[in-house]
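Please have the viewer open as you read.

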Amino acid sequence: MKGKVNQGISQIVIGRGLLETLISEALRSGGSYCDLFFENTTVSNLMLRDGEVSSGGYTNDYGCGIRVLEGEKTGYAYSESTDMRSLLEAAKAASAIAAGGSKLSFARTKFEGEKPNFYPIVQDWRLANPADFLPGLHKLESLIRAKDSRVAKVIALLGYSVSEILMYNSLGELTSDLRPMASLSVQVVYQSKGSVQTKTASRSFRMGVEFFTDELIAQVAAEATDGVDAMFQARRPAGGQMSVVMGAGASGILLHEAMGHAFEADFNRKGQSIFAGKIGQQVCRKGINIVDDATLPFFRGSCNYDDEGVPGQKTYMVTDGVLTSYLHDRISAAFYGVAPTGNGRRESFRYNPIPRMRSTYMENGADGTVEDLIKTAGSGIYVDEFANGEVKIGEGDFTFYVKSGYLIENGRLTMPVKDINIIGNGPQALADIVAVAADLKVDPGRWTCGKGQSAPVSCGIPSVLIKNLTVGGAQ
């Protein structure tokens, strides 16, 4: 097997006969299904710290993962070498691990229409000169320092990668994907009268070199400098149970963590999720739709195919308030007797795929604007950025630290707040949503989800009003 570059588009090349040989070897000791996952990924990054290039790197990761399924029992092995001897050894190891499992039936995926491409590359990162990106990083720092005299430190990072993927399975399905990823992030430290505040901003999309534009740099600089006055003025409010208005966009991380994970099918088929056995039940008020979507053009969570070769698609988990689907990989789909939803994802060829989210968001509601929600709340807290969340999947309980927010008094925003936690229960919070605005934003930041292995994701939400959440503040 080898990689080759052809007009900026590189492809993994291996004969179908060798693929069949590997499949046959992997199933020699039994097994009802086998798949092969070949990967060739190049990763580069540049870091600018206070005007100086402090680091830069380039890595190439290359190998193949082989999975054998005997029912729900998984045998998995990988090789960092793609010579046939090493691959056959990995196939034998995966086969031995899976032996003795119960039976499940795996069906072919229905491929309809043309091959999807939600992230076409205009300029391939692998053909670019990293030095060409340094002026853009310097410009980012200059814009930030020009906007605020309190800037003490600026750390900017440009990272980009391209992954060539080839997948083949015992059902005869052969798929390939070329996956770009680009991220620009900045951390800014502000100092004023002995107080220190830190602000971060990022953009990340599945794009080629065309990602790194003057417009993007200006957007990141603006985000990194907006709201700094409020950060220095913020105080810790009194805590208690109150209404919370979650701002559109980055607040979607609460939807992802507190609710989305509980919809992943592996937690449900094992009875570990609070939503296990609740398909078809009303879980929130009518009019609410919650989606996990692989088809948003260029978004970080999008996938032409998942890491099992299933085409990317848009999956409604909640439709008009009713739980209508879990997020399935091939194992859970076979277990439930449904089609896979394209949520089988893995960190790299070293990991077996498991159900993971992609771009998770709530669709627009019909309850007006965020200002309308704030007026309806009357009093409480408005939050628009979370960090350091913790969720218990089985119980659904969550705690999130609020990075940015305001007190709501008499139906309007007043004092900036800090050092508070939002505490609640995912299913209960979902049921307690009383209003959803029509201002959906899918956040373009550099979100990464951890579930034993990392995966790039996107999240979003319109502004929502939730009653009866606990705010941990001053006593």
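The report below covers a sheet, the helices on it, a helix pair and the cavities.

## Ground rules

The model is predicted: local features need pLDDT of at least 70, side-chain atom pairs count only at pLDDT 80 or more, and totals for chains, interfaces and linings use all residues. Residues are numbered from 1 along each chain as its sequence is written, and side-chain values use heavy atoms, with hydrogens and water left out.

## The six-stranded sheet

Let us start with the sheet. Six strands form an open, antiparallel sheet in the order β5-β4-β3-β6-β7-β8. Strands here are DSSP runs of E with at least two residues, helices are runs of H or I with at least four, and both are numbered from the N terminus; two strands pair if DSSP finds at least two bridges between them. The edges belong to β5 and β8 (195-205), each of which has a single partner strand, so one side of each is left without a neighbour in the sheet. On average, neighbouring strands are turned by 20° against each other, direction ignored.

Strand β3 (residues 33-49) pairs with β4 (residues 52-70) over 17 antiparallel bridges, and one of the bridge pairs joins Thr41 to Asp61 in β4. Two residues lie between these strands in their hairpin, where Asp50 has a positive phi near 50°. The pairing of β4 with β5 (residues 73-79) is antiparallel too, over seven bridges, and includes Gly65 with Tyr78 of β5. That hairpin also has two residues between its strands, and Gly71 takes a positive phi near 70° there. Elsewhere in the sheet, β7 (residues 174-192) and β8 share 11 antiparallel bridges, with Gln191 partnered by Val196 in β8.

## Helices on the sheet

Helix α1 (residues 16-26) packs on the sheet and touches β3, β4, β6 (151-169) and β7, its direction making about 110° with that of β3. Contact means heavy atoms within 4.5 Å; axes are lines fitted to C-alpha atoms, for helices over the stretch in contact, and angles run from 0 to 180 degrees between N-to-C directions. Helix α4 (residues 214-225) packs on the sheet as well, touching β7 and β8, at about 150° to the direction of β8.

## The α1 and α2 pair

How do α1 and α2 (residues 84-98) cross, and at what angle? Their axes come within 8 Å and cross at roughly 30°. The crossing is right-handed, a term for the near helix being turned clockwise from the far one by less than a right angle.

From α1, the contact involves Leu18, Thr21, Leu22, Glu25 and Ala26, which meet α2 residues Met84, Leu87, Leu88, Ala91, Lys92 and Ser95. By class, this contact has seven nonpolar, two polar and two charged residues. Ala, Val, Leu, Ile, Met, Phe, Trp, Tyr, Cys and Pro count as nonpolar, Asp, Glu, Lys and Arg as charged, and the others, Gly among them, as polar.

## Cavities

The whole structure holds two cavities of 30 Å³ or more. A cavity is a set of points on a 1 Å grid over the protein atoms alone where a 1.4 Å probe fits but cannot get out, and lining residues have an atom within 4 Å of a point. Points are joined across faces, edges and corners, and a volume is the space filled by probe spheres set on them.

The largest cavity has about 50 Å³ of space. Its lining divides into four nonpolar, three polar and five charged residues, and β6 gives the most, with three. The second largest cavity has about 30 Å³, and its lining has nine nonpolar residues, no polar and no charged; among them are Met246, Leu254 and Ile433.

Definitions and conventions: 1 Å grid on protein atoms, 1.4 Å probe; cavity = no way out; pocket = protein on both sides within 12 Å on 5 of 7 lines; lining within 4 Å.
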